[in-house]
Amino acid sequence: MLYRTVTTSKYGGCDLTGRRFGRLVILASAQSRSGRPAFLCRCDCGKEKPIRRDHLLRGESTSCGCLTIEKVRRRFTTHGHTTGGKTSTEYRIWSGMIQRCVNPKVRCFYRYGGRGVTVCDRWNPRNGGSFQNFLQDMGLRPKNKTLDRWPDPFGNYEPGNVRWATASEQARNRRPHPVREKAVEIRKLYASGDLKQSELAERFKVSQAFISELINESPRMPPVRVRPDIGSCEAIA
C-alpha cells in the first residue's frame with residue numbers, strides 16, 4: 001500500500017475526524033511512503049481513499065474522483081438524445097434549426113439566416129444556449145409534427161414563437177415573405193443600375209442570395225419548403 005493509516009486525524013491540534021470536504025468525510029489520518037501527510041476519506045459514492053492533506057484543505061480534492069467522471073459524462077451526454085453514435089429526432093431538429101440560421105454553407109441558409117432569422121441565445125450553443133434548454137421549452141416531438149415558427153412565420157426561433165405543428169397547420173401558417181411582395185420593385189431598381197445586389201440586400205435587410213433569387217426567379221420555378229425534421233429543402237409538387 002502507498003498509504004499507512006493511523007488512529008487519529010489531528011491537524012494543528014484539531015481533530016478533523018468526521019469533517020466533510022465536498023463529497024469527502026475524513027475517517028483517519030494517513031501517511032504516504034514519501035512522508036506526505038494525508039487523510040483516509042470516505043466519498044459519498046461509498047469509496048474509501050487516502051487524499052493528500054494539502055489537496056484536501058486547499059479544496060483541490062472534493063471527491064474520490066467520481067465528481068470529475070460525472071462532469072465529463074454530463075458534458076458529452078444530452079439527455080440521452082445522443083447515445084451509441086445515434087441522435088434522436090428532437091436533437092436532429094434542433095441541430096437543423098441551428099445550422100440553417102448560422103451556417104452559410106447550408107443550402108437553405110438564404111431562406112433563414114440569410115433573411116435575418118436567428119435562434120435565441122437560450123437555444124443557440126454559440127451564445128451559451130443548449131439542446132437541453134430547447135428540449136425543456138419544447139418537450140418531445142409529438143407524432144406527425146415538426147417545428148414551426150408561429151404565430152409569426154417570419155420571426156425568430158425563440159420561446160413563444162415556435163410550436164410543434166402538423167403539415168396542415170404549417171400550410172395554413174405559410175405566407176409569402178414580405179420582401180417577396182416587393183420583387184417587382186427590386187427588379188426595377190436592379191435593372192436601372194442604381195443599386196447593386198449587395199446594396200439592395202442591405203436596403204431590404206435580407207441576404208444578397210435572397211435578392212439574387214428574387215431577381216432571377218422564374219414564375220415556373222416551384223416554391224421550396226423546408227423539412228424541419230432534417231433541415232433540408234424539397235420542392236413542392
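User: Which residues does Phe21 touch?

Analyst: Phe21 touches Ile26, Leu56, Leu57 and Thr62, not counting residues up to four places away in sequence; a contact means heavy atoms within 4.5 Å. This is a predicted model, in which local features need pLDDT of at least 70, side-chain atom pairs count only at pLDDT 80 or more, and totals for chains, interfaces and linings use all residues. Residues are numbered from 1 along each chain as its sequence is written, and side-chain values use heavy atoms, with hydrogens and water left out.

User: Why is Phe21 called buried?

Analyst: Buried means under 20% relative accessible area, exposed means over 50%, and partly exposed lies in between (1.4 Å probe, protein chains only). Phe21 has a relative accessible area of 15%, so the label is buried. Phe21 lies in strand E4 (residues 20-21); strands (E, at least two residues) and helices (H or I, at least four) are DSSP runs, numbered from the N terminus.

User: What makes Ser61 buried?

Analyst: The relative accessible area of Ser61 is 16%, and therefore Ser61 counts as buried. Ser61 is found in the loop between helix H1 (53-57) and helix H2 (66-76), where Ser61 touches Leu24, Ile51, His55 and Leu56, not counting residues up to four places away in sequence.

User: How do you know that Cys45 is in no disulfide?

Analyst: A disulfide is a pair of cysteine sulfur atoms within 2.5 Å, and the structure holds zero disulfides. For Cys45 the nearest cysteine sulfur, that of Cys64, is 3.5 Å away, and Cys45 is in no disulfide. Cys45 is called partly exposed because its relative accessible area is 47%.

User: What is the case for Cys66?

Analyst: The nearest cysteine sulfur to that of Cys66 belongs to Cys43, 3.6 Å away, and Cys66 is in no disulfide. With a relative accessible area of 13%, Cys66 is buried.

User: Which residues have the most contacts inside the largest nonpolar core?

Analyst: A nonpolar core is a set of buried Ala, Val, Leu, Ile, Met, Phe, Trp, Tyr and Cys residues joined through side-chain atoms within 4.5 Å. The largest has 19 residues, and those with the most contacts inside it are Met97, Trp123, Phe134, Leu147 and Tyr157. Two or more residues each come from H3, helix H4 (131-138) and strand E11 (162-165). H3 gives the most to this core, with five residues.
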